[in-house]
Amino acid sequence: MSQKRITTPLTEETARSLKAGDSVLITGVIYTGRDAAHKRMVETLDKGEALPVDMRDQIIYYVGPAPAKPGQPIGSAGPTTSGRMDAYTPKMLAQGLRGMIGKGYRSAEVVEAMKKYGCVYLAATGGAAALIAKTIKKYEVMAYEDLGTEAIAKLTVEDFPAIVVIDSQGNNFYEEGQKPYRRL
Amino acid sequence: MRTVEAKVITAAIAKLCIDANYYLSPDVYDALVAGKEKEESPLGREILGQLVDNACIARNQAMPICQDTGMAVVFMEIGQDVHITGGDLEAAVNAGVVQGYKEGYLRKSVVNDPMFVRKNTGDNTPAILHLSIVPGDKIKITIAPKGFGSENMSAVKMLTPSAGVAGVKKFVTDTVTAAGSNPCPPMVVGVGIGGTFEKAAFLAKKALLRPINKHNADPMYAKLEEELLELVNKTGVGPQGLGGTITALGVNVEYYPTHIAGMPVAININCHATRHAEIEI
């Protein structure tokens, strides 16, 4: 296990250098988007239209933040379950999306698309939402404002902590990590 | 007959929504701290450390432990000698949820229709309300905001009597293993055994309200709780599903008489932030 600092935009080369089990600190811009935003983005693509945000070499964070109190950029902001985005993800990866941050398992189709396009899936600690919010310096809504917490926003982050769970070769740390401790 | 004004209930609910979301209860906090010492995986220890820090940040800065501030599940035990005045009870409860989620800057996560419309109601109502009438002239309110990362991993199964203890154990370990990283482990597992289909699910949810350092009063079920915790921690799932020996902080079991032909079992999984707050009026 090693700790790496990465900055965005995330190039294919950097994405391919990350290995399952690596601990990373992310600095730069990342985008938010979860269930309803994904549904809308894929409907947009299916109509042959462009996405409201260019996803090339970007990282998307599956989060629905709590409202910010006055003076804060954002409220608590931990990851949501990524698997709910699986149906939409291969189409997003085909758009050049380079990384995803969430929590929990991904489908075989997503892993195949990640290998094809050279992408990485990272987990943030589920529930560590107050701790993660401290690394988010700025929150700007970019699209789908009507979706409230599910809107697409641009986050400026400093040393956002995450763990590489599935790398661009398809190695899966949920599987590898659990094996040594399985005693049933 | 004692009278309680509906607006008193509203104010109590509002405060409980905020308290439950900001302040991790001491039993769960202590279990995270103890788990950090016991966890064998280095990455697991790092994650448990983050969760302890997170609970402290949330408490000190008065912000939600988790951004998923849940659907508000409200349990009320109403003394039969209480008369509620000045409004209807269910409306008073929902008004409390509206107020608490607004004033506490909590996320509104409820949609009006589960399948077709799915429009956010904007105020986190309606709440899920479980009422029971008890002796006395007091009202006990417990609020357990429930996030759906963990709720989605729950399960109900109609086991038959021959399944026995082994059947329950297998169902619990299979459910926890399949849930893996999704429900934000280390989790707290609520198990409801007996009753009917819906009673078992209710018992599983109710089990999550009991502090995890307090076993079931029945020694047979207390022993089952210990054995289930040990088994769950052998699945290897570990903190956040990244591997380790602390998959659950506690397993709470509640039971109820059932029919000669059945043994309903429900498992309600909660994340590490097993939130609940209560008050007696």
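A: A crossing is called left-handed if the near helix is turned anticlockwise from the far one by less than a right angle, and right-handed if clockwise. Helices (H or I, at least four residues) and strands (E, at least two) are DSSP runs numbered from the N terminus. By that handedness rule, H1(B) and H4(B) form a right-handed crossing.

The model is a predicted one, in which local features need pLDDT of at least 70, side-chain atom pairs count only at pLDDT 80 or more, and totals for chains, interfaces and linings use all residues. Residues are numbered from 1 along each chain as its sequence is written, chains are lettered from A and ligands numbered from 1 in the order in which they are written, and side-chain values use heavy atoms, leaving out hydrogens and water.

Helix H1 of chain B covers residues 6–22 and helix H4 of chain B covers residues 89–103; they pack at about 40°, with 7 Å between their axes. Here an axis is a line fitted to C-alpha atoms, for helices over the stretch in contact, and angles between N-to-C directions run from 0 to 180 degrees. H1(B) and H4(B) are therefore oblique to each other (under 35 degrees is roughly parallel, over 145 roughly antiparallel, 65 to 115 roughly perpendicular, and the rest oblique). From H1(B), the contact (heavy atoms within 4.5 Å) draws on B:Ala6, B:Ile9, B:Thr10, B:Ile13, B:Ala14, B:Cys17, B:Ile18 and B:Asn21. Facing them in H4(B) are B:Leu89, B:Ala92, B:Val93, B:Ala95, B:Gly96, B:Val97, B:Gln99, B:Gly100, B:Tyr101 and B:Glu103. Sorted by class, the contact of H1(B) with H4(B) has 12 nonpolar residues, five polar and one charged (Ala, Val, Leu, Ile, Met, Phe, Trp, Tyr, Cys and Pro count as nonpolar, Asp, Glu, Lys and Arg as charged, and the others, Gly among them, as polar).

Another pair in chain B is helix H2, residues 26–38, with helix H3, residues 42–61; their axes come within 9 Å and cross at roughly 150°. H2(B) and H3(B) are therefore roughly antiparallel, and the crossing of H2(B) with H3(B) is left-handed. On the H2(B) side, B:Tyr29, B:Leu32, B:Val33, B:Gly35 and B:Lys36 make the contact, and on the H3(B) side B:Arg45, B:Leu48, B:Gly49, B:Leu51, B:Val52, B:Ala55 and B:Cys56. Eight nonpolar, two polar and two charged residues make up the contact of H2(B) with H3(B).

Further along chain B, helix H6 (residues 164–179) packs with helix H8 (residues 219–232) at an angle of about 40°, their axes lying 10 Å apart. This arrangement makes H6(B) and H8(B) oblique to each other, and H6(B) crosses H8(B) with right-handed sense. H6(B) contributes B:Val165, B:Lys169, B:Val172, B:Thr173 and B:Val176, which meet B:Leu224, B:Glu227, B:Leu228, B:Leu231 and B:Val232 of H8(B). Of the residues in the contact of H6(B) with H8(B), seven are nonpolar, one is polar and two are charged.

The C-alpha atoms of chain B occupy a box of roughly 55 × 50 × 40 Å along the principal axes. Two loops of chain B contain cis peptide bonds. B:Thr125 and B:Pro126 are joined by one with omega of about 0°, and B:Pro126 sits in the loop between H4 and strand S4 (128–134) of chain B. Another cis bond runs from B:Pro185 to B:Pro186, with omega near 10°; B:Pro186 is in the loop between H6 and strand S7 (187–195) of chain B. Most residues other than glycine have a negative phi, and most peptide bonds are trans.

Chain A holds six helices and seven strands, and its pattern along the sequence is β-α-β-α-β-α-β-α-β-α-β-β-α. Along the principal axes, the C-alpha atoms of chain A fill a box of roughly 45 × 40 × 35 Å. A:Asp159, a residue other than glycine, has a positive phi near 55° and belongs to strand S7 (residues 152–166) of chain A.

As for confidence, the model scores ipTM 0.93 and pTM 0.95. The average pLDDT of chain B is 97, with 100% of the residues scoring at least 70 (pLDDT is the predictor's confidence in each residue, from 0 to 100).
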